[in-house]
Amino acid sequence: MRLSVIGCGYLGAVHATAMASIGHDVVGFDVDAEKISRLSSGDAPFFEPGFDALLRDTLATGRLRFSTDTSDLASARVHFIAVGTPQSEDGDGADMRFVDAAVRSLLPVLSEGDLVVGKSTVPVGTAQRLAEMVAPTGALLMWNPEFLREGFAVEDTLQPDRIVYGTSHSGGPEVAVLDEVYAKALDAGIPRLVTDYATSELVKVAANAFLATKISFINAMSEIADATGADVTQLADAIGYDVRIGRRFLNAGVGFGGGCLPKDIRAFAARGEELGHGRALRFLREVDEINLRQRSRLVDVVTEELGGSVAGRRIAILGLAFKPNSDDTRDSPALDIATRLHGLGADVIAYDPEAIETARRVRPHLHFAQTLDEALSGAEATVVVTEWDQFRQLDPDTTSQLVAETRIIDGRNCLDAQRWRAAGWSYRGLGRR
Ligand code: UDX
């Protein structure tokens, strides 16, 4: 099928490439000429395992191209909207300017029977509004939220847990068209739900709100564990065996960040208020607060471990990305903690296997190490804030040869505390004995 994807950021670039890789003819569109030129030459503008190779292989088939020219979209019958919906500059709501501009730019190329498919995460009510914009062209609009996780973007696009279609009238001709786009996944038995617009929009924000709540729940427990001498990791293991609860997303630590969870829960709470039902989503404000408090708690632990002040003390920060296998530092707890410690006068040196360049762009004043060993060298405190395998696999004995003081603060509760203590280190986690 002939498809277009408007917006070639994380979501759009992966979606365009994945759709072409399974046989569709795809044009990816973005207003950012540099991004389009990099993608066209097979150079991924972000780090995502498996994406580089898929992009190069798919470009070679001739079924995938990237463009900054809207007239190139005219031949497509299905147009995916995959632009960002960041937090507004003046509040918690979502900034809808990119979605609105994307739909407006499509209007001149749409014709009877075309399908516009929204994938961006939007406030409930958006699809209905956009459907009215599109209606005079004779095209139809569907909402088809994406659930991709960074680090697993290709896998999540090709083999999602479920596929959701929001339509204005269930079972219309547009359902068959989208079924053809996703034929491969549907043949593999991936569940597909057809809903109204509002439900499809809510599925995405509700899923992210639930995940964020789960993380903040365990982080709240970590605070209580610290106050009582309990161990939050054992607590998570024990409650996680209950299948109704489940162990995933129960890792306490410096909390969630990234380009989705934080802004999505704020936008959802803001939308609840607009709808006159702010009370129903007020708990999300608490979820956000618990999450941000974890960052302050970690800074306090580091300060305490260094005897009350970090000023002038050499601190190795291991991790800058908001999670491993990503170079994304948007709303990253790791980068925030590095920045705060630097602001308190610490001699911070930070290392991340992939995210140094993205971090440098937003925090050029921070000091970045070229290698892990360089970061560790002479450190008076070592602080793990992103649980990359490279940090999890650190050997306490070898590491102690590099640092000035054997003091480790595990902001992701990802190290074996007993092993580090047995090697003579002072170990502190969040909510761990
Ligand atoms: C998330 C959703 O998972 C995905 O479905 C949606 O499409 C986009 O938002 P992503 O932002 O890539 O995906 O990251 P995710 O794996 O959900 O992790 C989010 C944050 O939570 C990370 O900072 C991670 O470190 C943190 N986290 C996750 C925890 O602190 N504890 C956990 O137990 C799990």
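The legends below describe close-up views of a predicted model.

**View 1. Residues around the ligand.** The ligand is surrounded by 20 residues, and the closest are Leu-148, Glu-150, Asn-251, Phe-322 and Lys-323. Sorted by class, this shell holds 10 nonpolar, 4 polar and 6 charged residues. Helix α9 (residues 197–228) supplies the largest share of the shell, 4 residues.

**View 2. Placement of the ligand relative to the domains.** The ligand lies between domain 1 (2–195) and domain 2 (210–429), because both domains give residues to the shell around it.

View 3. A polar backbone atom of Leu-148 is 2.9 Å from an oxygen atom of the ligand. For Phe-147, the distance from a polar backbone atom to a ligand oxygen atom is 3.0 Å. An oxygen atom of the ligand also lies 3.3 Å from a backbone N or O atom of Leu-250. The ligand taken alone exposes 670 Å², of which the protein buries 92%.

**View 4. Lining of the second largest pocket.** This pocket has a volume of about 190 Å³. Two elements, α10 (232–240) and α18 (417–422), each give two or more residues to its lining. The largest contribution to the lining comes from α18, with 3 residues. The lining consists of Asp-231, Thr-233, Gln-234, Asp-416, Ala-417, Gln-418, Arg-421, Arg-432 and Arg-433.

**View 5. Residue classes in the lining of the second largest pocket.** The lining divides into 5 charged, 3 polar and 1 nonpolar residues. Among the lining residues are Asp-231, Asp-416, Arg-421, Arg-432 and Arg-433.

Technical notes: Residues are numbered from 1 along each chain as its sequence is written. This is a predicted model: local features need pLDDT of at least 70, side-chain atom pairs count only at pLDDT 80 or more; totals for chains, interfaces and linings use all residues. Side-chain values use heavy atoms; hydrogens and water are left out. On a 1 Å grid over the protein atoms alone, a cavity is a set of points where a 1.4 Å probe fits but cannot get out, and a pocket is an open set with protein on both sides within 12 Å along at least five of seven lines; lining residues have an atom within 4 Å of a point. Grid points are joined across faces, edges and corners, and a volume is the space filled by probe spheres set on the points. Ala, Val, Leu, Ile, Met, Phe, Trp, Tyr, Cys and Pro count as nonpolar, Asp, Glu, Lys and Arg as charged, and the others, Gly among them, as polar. A residue is near a molecule or strand if one of its heavy atoms lies within 4 Å of it. A polar contact is a pair of N or O atoms within 3.5 Å; within protein, one must be able to donate a hydrogen and the other to accept it, and residues adjacent in sequence count only if both atoms are side-chain atoms. Accessible areas come from the Shrake-Rupley method with a 1.4 Å probe; for residues, only the protein chains shown count as cover. Domain bounds come from an automatic or database domain assignment.
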